[in-house]
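Hello,

Here is the structure I promised to pass on to you. Have a look at it first, and then read my notes below.

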Amino acid sequence: MYDQYGRNLHYLRVSLTDACNLRCVYCMPEETKFQPRWKLMSDKEMLTLVKIAASLGVDKIRLTGGEPTLRQNLTSLIQEIRAIPNIRDLSMTTNGILLEEMAADLQQAGLDRVNISLDTLDPERYHAITRWGHLEDVLRGITAAEKAGLLPLKINVVVTRGFNDQEVVEMARLTQEHEWEVRYIELMPVGDIADFATEAVVTSAETRSRIEAAFGPLERVEDYNGHDPARPYRIPGAPGKIGFISSVSQPFCAGCTRLRLTADGKLRLCLLRDDEVDLLTPLRKGANRETLRKIMAEAAWRKPWGHGLAEAVRPQQRVMSQIGG
Ligand code: SAM
Ligand code: SF4
């Protein structure tokens with residue numbers, strides 16, 4: 001599936017639910033209403049759309065949310081997606097809260113690896129950022145994911161001024177102890193939190209210079225595929241890696257190969273633009289596979305060149321938990 005700019009869109013991020021067991025300050029308001037179940041794709045509907053995407057060349061799937069571990073039948077969904085012949089890479093982004101009990105089953109069902117969101121190692125700060133979370137649950141989840149072989153393990157750190165920017169060096173130290181990749185993500189202005197995000201954003205350049213002030217220059221890791229938004233680096237001698245996802249200060253739109261399927265069945269063409277194409281309504285109205293293939297391929301062709309943050313175009317229709325990151 002190619003877009004009009006020649007980008008091969010082979011990576012689909014599927015949001016399994018808009019609901020979450022946390023309320024991170026940069027993601028959604030504490031008082032949130034989730035969509036009624038009937039508005040969300042059933043397992044069958046989701047699998048139909050994922051299979052159509054795979055038939056158009058998607059070979060990489062990331063499950064996300066809201067919080068994907070809240071989705072009922074998650075293990076059987078994973079089994080079904082794993083069984084689609086084209087899919088060579090199946091991963092999940094999670095807050096890790098429920099992983100302790102689920103990691104082994106998810107791995108057995110066919111999940112390859114996980115990215116776990118963890119912004120701080122300080123229990124009080126963790127609670128302040130997530131509003132509802134307890135740090136020890138995530139740490140146990142990380143241990144379980146490693147034990148289950150959901151590797152390589154990546155840790156997503158959203159750097160938020162006044163919340164965890166003072167701790168980026170401590171987070172980098174994790175890569176000296178573990179073979180994890182710690183990825184620092186710039187705060188993105190999405191939906192209701194856009195003003196907060198604009199004020200609290202910390203650029204990757206600032207994060208990197210704090211880390212280099214503590215450890216010296218980072219080394220480039222050579223096995224970079226060019227499509228991952230986080231070019232990997234390393235503290236000299238460390239087993240783990242460090243990445244910077246600079247969506248705001250240094251957009252990587254030219255190399256973007258992604259499409260997103262929201263839990264309510266819309267194909268979202270760019271994380272940071274509101275353009276979406278409804279797939280669920282035609283599916284429910286009885287559109288056949290060929291028609292859906294055509295709708296999907298035509299939508300993909302129209303993927304915008306890039307986001308418009310520099311021109312103050314911000315996505316407003318959804319909060320991040322409804323898109324999945
Ligand atoms: N609930 C799961 C989790 O937290 O990992 C998956 C969904 S969450 C929306 C996916 C990723 O987006 C997480 O790593 C989260 O930290 C990140 N995220 C949420 N809001 C963000 C924002 N405004 N800017 C940048 N990243 C954000
Ligand atoms: Fe939930 Fe993930 Fe959003 Fe935090 S970032 S509120 S864990 S969806």
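A word on terms before the helices: axes are lines fitted to C-alpha atoms, for helices over the stretch in contact, and angles run from 0 to 180 degrees between N-to-C directions. Helices (H or I, at least four residues) and strands (E, at least two) are DSSP runs, numbered from the N terminus. This is a predicted model, in which local features need pLDDT of at least 70, side-chain atom pairs count only at pLDDT 80 or more, and totals for chains, interfaces and linings use all residues. Residues are numbered from 1 along each chain as its sequence is written, chains are lettered from A and ligands numbered from 1 in the order in which they are written, and side-chain values use heavy atoms, with hydrogens and water left out.

Now the helix pair. Helix H1 (residues 43-55) and helix H2 (residues 74-82) have axes that come within 11 Å and cross at roughly 25°. H1 and H2 are therefore roughly parallel to each other (angles under 35 degrees).

Next, the ligand. Around ligand 1 there are 20 residues (a heavy atom within 4 Å), and the closest are Tyr26, Gly66, Glu67, Ser117 and Met188. As for polar contacts (pairs of N or O atoms within 3.5 Å), a side-chain N or O atom of Glu67 is 3.1 Å from a nitrogen atom of ligand 1. Another nitrogen contact, at 2.8 Å, involves a backbone N or O atom of Met188. An oxygen atom of ligand 1 lies 3.3 Å from a polar backbone atom of Thr94. Strands E3 (89-94), E5 (154-159) and E6 (181-186) are the elements that each give two or more residues to this shell.

Enjoy exploring!

Note on methods: A polar contact is a pair of N or O atoms within 3.5 Å; within protein, one must be able to donate a hydrogen and the other to accept it, and residues adjacent in sequence count only if both atoms are side-chain atoms. Angles under 35 degrees count as roughly parallel, over 145 as roughly antiparallel, 65 to 115 as roughly perpendicular and the rest as oblique.
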